[in-house]
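Subject: Structure for you, with notes

Hi,

Here is the structure I promised to pass on. Please open it next to this email. My notes follow below.

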Amino acid sequence: VPFDSRDGVIWYDGKFVDWKDAKVHVLTHALHYGSAVFEGERAYGGEVYKLREHSQRLIDSAEILGFKLPYGLEEIEAATNATLARSGLVDAYVRPIAWRGSETMGVSAPNNTIHMAIAVWEWPSYFSPAEKLKGIRLTWAPYRRPDPLTIPCKSKAAGLYMICTISKHAAEAQGYTDALMLDYRGYVAESTGANIVFVRDGELYTPQPDCFLDSITRQAVEAIAARHGIKVNRRHILPEELATFTEAFLVGTAAEVTPISEIGEYRFKPAAISELLMHAYLDEVQPKKVAAAE
Ligand code: PMP
């Protein structure tokens, strides 16, 4: 079913509206000038995983673009939980978005209303654990992650996804699942919607997130790895170094932990570490049952 014709409700500027009526005008600042920020969250067993971190990042993303959300952290969390509850789903994808409205046109629009919406839908993991363990195929992206002085790279800003869509389409047109982007210096950066982690001799290697999103999922996976005594090396990685890694996987809210079998000319074999972290992450995201008080 197309996304604009579904049943249900969307939280829109503080109230629930019918899913089909959650619209914007064509002369909305965000549509013309990219002034929108969003989040991607997942609920497991009725709870949004890392809701606080995602909600804070939404607020921060807006601030980086120069606007203040009309809701505070706790209001955003309450609205998210209420939207999830209204959806009737326990395992779901959650998409909050905030944007500059349509009162004035032109690049400058300091007084346009800031709107916010939250939608929840069923979006299962791309692959089952068994399928995931075969690994996905990536090619190199035609575009690079820009210099932090060129774009506000720490904002999850809709406008920054333009190079992701172009790169993902180019990869899909060649039969690949996704594309791996280098950064402006030629170091390995991330895929079009997730960070990347490599494995060599039982240790993890992941690019320093200095010009792209510091994935909340990657941070969680790094913490799980540390608990398992697996060392994490965060540093610059040149593409040639991929020849020395044996496993590779994507980490992101939507991707969760997704092993990779191929990146351009390099081959990987999902093995013990990918499998361990993939399952440990799926375990970690489940709401923890608090032991009943005596
Ligand atoms: N990079 C990009 C470009 C993304 O879109 C995402 C998904 N939000 C990530 C990384 C992963 O971030 P997170 O784990 O915080 O969802």
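Which backbone nitrogen lies 3.3 Å from a polar atom of the side chain of Asn 195? That of Ser 215. Please keep in mind throughout that this is a predicted model.

**Around Asn 195**

Asn 195 is found in strand 11, which covers residues 195-200. Its relative accessibility is 3%, so Asn 195 counts as buried. The cut-off for buried is under 20% relative accessible area. Leaving out residues up to four places away in sequence, Asn 195 touches Glu 190, Phe 212, Leu 213, Asp 214, Ser 215, Arg 218, Phe 249, Leu 250 and Val 251. Pro 207 is twelve residues from Asn 195 in sequence. In space, the two C-alpha atoms are 8.4 Å apart.

**Salt bridges**

The count of salt bridges comes to 18. Arg 218 turns up here too. Its side chain meets that of Glu 222 in a salt bridge, 2.9 Å from N to O. Both residues sit in helix 6 (residues 216-227), four residues apart, so about one helical turn separates them. Glu 222 and Arg 218 are both buried. They also belong to a network of salt bridges that links Asp 214, Arg 218, Glu 222 and Arg 234. Asp 214 and Arg 218 are among the residues that Asn 195 touches.

Two other pairs are worth a look.

- Lys 168 and Asp 178 form a salt bridge, with the closest N and O atoms 4.0 Å apart. Lys 168 lies in helix 5 (residues 162-173) and Asp 178 in strand 9 (residues 178-182), so the pair ties together parts that are ten residues apart in sequence. Asp 178 is buried, at a relative accessible area of 6%.
- Arg 185 and Asp 183 form a salt bridge as well, and here the closest N and O atoms are 2.7 Å apart. Asp 183 has a relative accessible area of 2%, so this residue is buried. Arg 185, at 33% relative accessibility, counts as partly exposed.

Which side chain of opposite charge is nearest to Glu 247? It is Lys 269, and the distance is 10.0 Å. Glu 247 is buried and has no salt bridge. A salt bridge would need a nitrogen within 4 Å of a carboxyl oxygen. The side chain of Glu 247 does reach the backbone nitrogen of Ala 271, at 3.1 Å. Glu 247 belongs to strand 14, residues 247-252. Setting aside neighbours within four places in sequence, the contacts of Glu 247 include Val 197, Phe 198 and Val 199. Phe 268, Lys 269, Pro 270, Ala 271, Ala 272, Ile 273 and Ser 274 are also among them.

**A nonpolar patch on the surface**

Finally, the surface. Val 26, Leu 27, Leu 31, Tyr 33, Met 105 and Val 107 form a nonpolar patch there. Together they have about 600 Å² of accessible area. Met 105 sits in the loop between strand 6 (92-100) and strand 7 (114-121). At 36% relative accessibility, Met 105 counts as partly exposed.

Best wishes

Definitions and conventions
Residues numbered from 1 in each chain as written. Predicted model: local features only at pLDDT ≥ 70, side-chain atom pairs only at ≥ 80, totals over all residues. Heavy atoms only, no water. Patch = residues over 30% accessible without salt bridge, like charges linked within 9 Å, V, L, I, M, F, W, Y side chains within 5 Å. Areas by Shrake-Rupley, 256 points an atom, 1.4 Å probe, with all protein chains shown as cover. Helix = DSSP H or I, 4+ residues; strand = E, 2+ residues; numbered from the N terminus. Buried < 20%, exposed > 50% of the residue type's maximum accessible area, 1.4 Å probe, protein only. Lys, Arg positive; Asp, Glu negative; His and termini not counted. Polar contact = N/O pair within 3.5 Å; in protein donor to acceptor, adjacent residues only side chain to side chain. Contact = heavy atoms within 4.5 Å.
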